[in-house]
Amino acid sequence: MTIEISYIIILSLLAIVVVLWLLYFVLRKKYRKLLLDNTRQKELFNRMDNQKIEHFHRAQLNPHLLKNSLNGMLSHAYQTYYTMDKLAMVLDYVLYESEDELVSPKAEIEFARNLIEINKVKLSPLFDIRVKFDIDEVNSYMLNTPSLIPLVSVDLIENAFKHADFHGSDSFISIVLIFRNGWLDLMVSNRISKRSPLQKSKSGIGSKTLEERLMLYYPSRHQLRRFVENDVYNAHLQIKLYAE
């Protein structure tokens, strides 16, 4: 073998090596590109799946949020309407019926109901308020005949909501109104707030007016007791509407 042939073989081998190296480099580059494209596609698919899942959850969640929000708004709207309706009845009673010298027990009892409902709005749903009405509706004559001074219940009820302790764990307001056989019996109790202004020198104007009216219209036919026992303020009013 001559030297020229040896050079040709060597150059051919080098060329083959170079070609193989270039081919390897190109294939390696394409392989990396394929891997990168594959990774990107997986990420894209995952992102699309996540978006679909997220969209699904949002599609499920949004109507519930909207429904709950609407229910809350409707609840507040109903409460506002209900309170305004009761307030309108109270104002109607104060402006018109209370101008009469005497009203029927039925009208005063309805006024007391509405007054309680209005004051209950400012209470927490967890607050212990006990309200009981025991009305003899069989004797419609006594129930509907004007025989009671108007607004006789307002002082006792308003004082309970004004001076009650709304923060103590054992706080409460109790209102019991009974009308039977021509007797009106109103009992109101509440746990006293430590911040309550019961002892202020200028308080009690409404109470004094109530007592004067009771003495004027029901002499020897009424009893009004107010006392404090175990930090509970109690007021008990009894009126016999008809003289014997």
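Predicted model: local features only at pLDDT ≥ 70, side-chain atom pairs only at ≥ 80, totals over all residues.

Guide: Ile239 is among the residues with the most contacts inside the largest nonpolar core, alongside Val152, Ile175 and Leu214. That core holds 37 residues. Several elements each supply at least two of its residues, including helix H1 (3-95), helix H2 (105-120), helix H4 (154-163) and strand S5 (232-240). H2 gives the most, with 6 residues. Nonpolar side chains tend to be buried together in soluble globular proteins.

So H2 is the part to examine. The chain has 5 helices and 5 strands. From the N terminus, the elements run α-α-β-α-α-β-β-α-β-β.

Check the length of H2. The helix has 16 residues, and at 1.5 Å a residue they should span 22 Å. The end C-alpha atoms of H2 are 23 Å apart, which agrees.

Now its buried residues. In H2 they are Pro105, Ala107, Glu108, Ile109, Phe111, Ala112, Asn114, Leu115, Ile116 and Asn119. For the chain as a whole, 29% of the 244 residues count as buried.

Why is Glu117 partly exposed? Its relative accessible area is 23%, and buried means under 20%, so Glu117 counts as partly exposed.

Glu117 has partners elsewhere in the sequence. Not counting residues up to four places away, Glu117 touches Tyr82 and Lys86. Tyr82 lies 35 residues from Glu117 along the chain, yet their C-alpha atoms are separated by 9.0 Å. Across the chain, contacts between residues at least 6 apart in sequence can be sorted by separation: 70% of them join residues at least 24 apart.

Among the residues nearest the centre of the second largest pocket are Glu117, Gln79, Lys120, Val121 and Leu123. The lining comes to 12 residues, and the pocket holds about 220 Å³ of space. H1 and H2 each supply at least two lining residues. The largest share, 4 residues, comes from H1.

Note on methods
Residues numbered from 1 in each chain as written. Heavy atoms only, no water. Core = buried A, V, L, I, M, F, W, Y, C linked by side-chain atoms within 4.5 Å. Buried < 20%, exposed > 50% of the residue type's maximum accessible area, 1.4 Å probe, protein only. Expected span 1.5 Å × (residues − 1). Contact = heavy atoms within 4.5 Å. 1 Å grid on protein atoms, 1.4 Å probe; cavity = no way out; pocket = protein on both sides within 12 Å on 5 of 7 lines; lining within 4 Å. Points joined across faces, edges and corners; volume = space filled by probe spheres on them.
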